[in-house]
Amino acid sequence: MSSRIFGSRIRRREDPRLITGSAVYTGDIELPGMVHAAMLRCGHAHARITRIATEQAEAAPGVVAVYTGVDTDGVLQPMPCAWLLPDAELKIAPYPCIAKDVVRYTGDVVAVVVAESAHEAYDALDLIEVDYEPLPAVIDPEEAARAGAPELHAKDINGDDISGNQAFHWTVAGGGDVELAFAEAEADGVVIKERILQQRLIPNAMETRGAVAQYNRATGELTLWNTTQNPHILRFLCSVVTGVPEDKLRVIAPEVGGGFGSKIAAYPADFVTVFCAMRLGRPVKWIESRSENYQATTHGRDHVQDVELAATKDGRITGLRCTVYAGMGAYLSTAAPGIPTILHGLMLSGCYTIPALKEDVYGVYTNGVPVEAYRGAGRPEATFILERLVDMLANRLGMDPADVRIKNFIPKFDDGHEVVTTLNYDSGDYPGALSKLLEHTGYRALRERQRAGPSNGKYMGLGLTSYVEICGLGPSQVAGAIGFQGGLWESAIVRFHPTGKVHVFIGASPHGQGEETTFAQIVASEIGVDVADVKIFHGDTDSTPMGWGTYGSRTTAVGGAALALAVRKIRDKAKVVAAHLLEASVEDMDYEDGKFFVKGSPDRAKTIQDVALMANVAWTLPEGVEAGLEATTFYDPPNFVFPYGAHLAVVEVDARTGHVELTGYTALDDCGPQINPTIVEGQVHGGVVQGVGQALWEGAAYDESGQLVTGSMLDYALPRADQLPDLDVISTVTPSPHHPLGVKGVGEAGTIASTAAVYNAVMDALRPLGVTRVDMPLTPERVWRAIQEAQGS
Amino acid sequence: MKVPVRITVNGRRFEHEVEPRLLLAHYIRDLGGLTGTKVGCDTSQCGSCTVLIDGVSAKSCTTLAVQADGANVTTIEGLADGDALHPLQESFWDRHGLQCGFCTPGMILAAYELLRTNASPSDAEIRHGLEGNLCRCTGYQNIVRAVRDAAAQMAAADQ
Ligand code: FES
Ligand code: FES
């Protein structure tokens, strides 16, 4: 197998087990003596607990135990927040695993039932009596920050006051004097203002969350199977909360059915499950129901943004000013503080030269489900601001949106470009990406067609997005500086067996992204073994080296780099061994496609398999060379990577019904060299559709009392097959200059781009009707109402 | 009060005493020991639990085990013919019609039903036929391609 395997569309090795039903997800695990846990969720947005009576539940058939906060208090430590955002007056509110006094969102756990069967556990939940004294609730983050709003927390974990529900106040400012830029634009330019509601979204991985915990009282060892994106981080947090030392704690992420950010956080229910297993000395399984998932598993987005753009009269951007209220929900989830700040505010320069910018972000406690990373995590919310404002600027100036972008793009660069937020982008050609997209889609001709006017009451709209994202998180030194309580490197162990077969143990933990395949492709292309001879192990903290998780489009970018470098170490050693076997000097050796040969005489060669055998039996090795053929690498990236691209959405809006149809969508993405283009395209498809979902259909809605109205798949509108067109996916290839393989990551690209593209397209369609803004999701009702209002006035 | 049920799953006969409220999905998973059938929701929306009952697809989370008494149930584990994958399984693999795989068993069985009732569907018909099955990973595009391919292969095999 040759280096051509890099870039080939081989079938995924994950699939045989998945298409035959033999894959094992957390919910499929059965252990001898296992019992089942069910969590009693409070169902109140905000209330004081005045009484809990568990006797009846305890006496119910099959029930093994019932525990409340009284039992877990002092045994389970409070839930940790692991992103301690600096310089932001961060106030972390206490977050108990089981609430004892006050509940602050409907998913707060107040008790757990353990029973012989899941049915019996769920039945017994109804028999627990809890008296609540309801308290006023607040869901909207901006409202929650206002004086007089119901307050969720009096004190933070350090005993300091929390006031105005403010969890943090973070600022980014850079470049010239932003106030001056706006003053000048007011006097002799244009200022565009917009209010953007980045609605709360429910991630909806098709597999809900769950945990199985097994505790061995004799050895003190705990095994936790969990639906997690980051088993090693969970091991660490589980150790902190449960007190089981890290060396006695094994976390296994078996097959994981999607995450999209919602399986990054550690959750109270996981540790309550562990608590039960330790108390009872029996394996305990807890699997979330879908309704429970809606109430308890983290949500995404939830920004209220007031944004302003300053520009010259000929369309050059001179400044950007934003104020954001970011809903955090009732408590700070594991990585929550970093999402609307570091991953959002630092990306506000986008693809553009922006001379001055400032953003204030207020993280606000509300009575909603805690908010975490959700596919794109902060970057879609930044891209949307820029892409919406740029379109509005174009409209104001009577320019084409494409031309305003072209006018403001950072020029092509291939080895670093520092933007106003101090990030140093690695490589990019934003004008090139857009012009290729425009050409490929026949954009100017589409504009012509649009000028012909509506047909049959249907208005056509075109929406562009140019985006750049930060991923491949990231240099650990930076992680430390921005308060992330961990490193962001990755590691890999590559081991050759005597027959030349390869085992790879890797810290990253893919859960649908196909890296068992792409990792094997990396190994095969770096050292010329057959891809089928490489087995990838991941997701078990006992057998794999430390890894910092699969999120932020970092697994191929960072984990893949660690792997490639480990294989290169093996290649270096193999060359020395081969030289010895061929009685040649190392300097005279060459390597190609799995063969080490003497320069100029390709027949004097040893294959990597020959070398693997000799290295393993060690009958004859050069002096000073250890037996075995194995290498470990820790790769700490020198910088982030910055994939980018340009997308075009085409819609048709029926002015009579408000119905929006996405009639065409073209995505051009540049994630560097593609290891497996089929997998890359799959990531783009899924990502785009999730972003389309936000623009058109999805949104978590709460009522006045803080009840989640969209509490099931009946009420929360997930994208369906029949609502979507065939997506056209194309690419350009710009390697990252600092990455061993040049690759950048692609998991979130589609989502980051598509929401703004679709939104812009709908607004473009509605322009002739006088509509300039509608809150997402752009449901027929909202669009229809906006048209009525605009026409009526 | 338990009632006896006899259900043949993938050719194997099971006899159990079950509670009348037991859902077929849980019967298959917990009593049949076949965990390929997934449960993704509790409101009958996602289609992850789709199986074939006497050759016709059904959401096993809305079917009681007692309703399937005497029936032949096929789950994803029973779709391949020995080691030979069903054309739909092959085409989902070929076309990258799955990512995390959680929706896949139900999706493949829903596609089986679609092709049973319409041997050469258009893309629009495929999309329409699968609207009761949710996938959060793939954006459906490669699923549509996979079903299209499988239809062509099955038609060719029939000739
Ligand atoms: S489990 Fe969702 S439809 Fe059956
Ligand atoms: S492949 Fe993950 S939900 Fe469909």
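## The interface between chains A and B

In this predicted model, 41 residues of chain B are in contact with 43 residues of chain A. Two residues are in contact if their C-beta atoms, placed from the backbone, lie within 7 Å. On the chain B side, H2, helix H3 (104–117), helix H4 (123–129) and H5 each supply at least two residues. H2(B) gives the most, with 4 residues. Helices (H or I, at least four residues) and strands (E, at least two) are DSSP runs, numbered from the N terminus. The chain B side that touches chain A divides into 18 nonpolar, 17 polar and 6 charged residues. Ala, Val, Leu, Ile, Met, Phe, Trp, Tyr, Cys and Pro count as nonpolar, Asp, Glu, Lys and Arg as charged, and the others, Gly among them, as polar.

This is a predicted model: local features need pLDDT of at least 70, side-chain atom pairs count only at pLDDT 80 or more, and totals for chains, interfaces and linings use all residues. Residues are numbered from 1 along each chain as its sequence is written, while chains are lettered from A and ligands numbered from 1 in the order in which they are written.

## H2 and H5 of chain B

Helix H2 (residues 87–94) and helix H5 (residues 141–158) of chain B pack at an angle of about 140°, with their axes 8 Å apart. Axes are lines fitted to C-alpha atoms, for helices over the stretch in contact, and angles run from 0 to 180 degrees between N-to-C directions. The angle makes H2(B) oblique to H5(B). Angles under 35 degrees count as roughly parallel, over 145 as roughly antiparallel, 65 to 115 as roughly perpendicular and the rest as oblique.

The crossing of H2(B) and H5(B) is right-handed. A crossing is right-handed if the near helix is turned clockwise from the far one by less than a right angle, and left-handed if anticlockwise. From H2(B) come Pro87(B), Leu88(B), Ser91(B), Phe92(B) and Asp94(B); they meet Ala146(B), Asp149(B), Ala150(B), Gln153(B) and Met154(B) in H5(B). By class, this contact has 6 nonpolar, 2 polar and 2 charged residues.

## Domains of chain B

Chain B is divided into domain 1 (3–78) and domain 2 (87–158). Domain bounds come from an automatic or database domain assignment. The C-alpha centres of the two lie 21 Å apart. Across the boundary, 15 residues of domain 1 of chain B are in contact with 12 residues of domain 2 of chain B. On the domain 1 side, strand S3 (50–53) and strand S4 (56–59) of chain B each supply at least two residues. S3(B) gives the most, with 3 residues. That side has 6 nonpolar, 8 polar and 1 charged residues.

## Domains 1 and 3 of chain A

The assignment for chain A gives domain 1 (3–17 + 489–635), domain 2 (31–376) and domain 3 (409–468 + 642–792). The C-alpha centres of domains 1 and 3 lie 39 Å apart. In this pair, 19 residues of domain 1 are in contact with 17 residues of domain 3. Helix H16 (515–527) and helix H17 (555–581) of chain A are the elements that give two or more residues to the domain 1 side. H17(A) gives the most, with 6 residues. The domain 1 side divides into 7 nonpolar, 10 polar and 2 charged residues.

H17(A) also packs against helix H18 (residues 608–617) of chain A: their axes come within 10 Å and cross at roughly 85°. The two helices are therefore roughly perpendicular to each other. Ala574(A), Val577(A), Ala578(A) and Leu581(A) in H17(A) meet Ile608(A), Val611(A), Met614(A) and Ala615(A) in H18(A). This contact has 8 nonpolar, no polar and no charged residues.

## Strands of chain A

An open sheet of 5 strands in chain A has the order S7-S15-S14-S13-S8, with mixed pairing. Two strands pair if DSSP finds at least two bridges between them. Strand S7 (166–175) and strand S8 (190–201) of chain A stand at the edges with a single partner strand each, so one side of each is left without a neighbour in the sheet. The twist averages 10° from one strand to the next. Strand S14 (residues 317–329) and strand S15 (residues 356–365) of chain A run parallel, joined by 9 bridges. Val324(A) stands opposite Val361(A) in S15(A).

Elsewhere, 11 bridges join strand S26 (residues 644–654) to strand S27 (residues 659–670) of chain A, which run antiparallel. Gly645(A) has Asp669(A) in S27(A) as its bridge partner. The hairpin of S26(A) and S27(A) has 4 residues between the strands, and Gly658(A) takes a positive phi near 80° there. S27(A) also pairs with strand S28 (residues 727–731) of chain A, in the parallel sense over 5 bridges.
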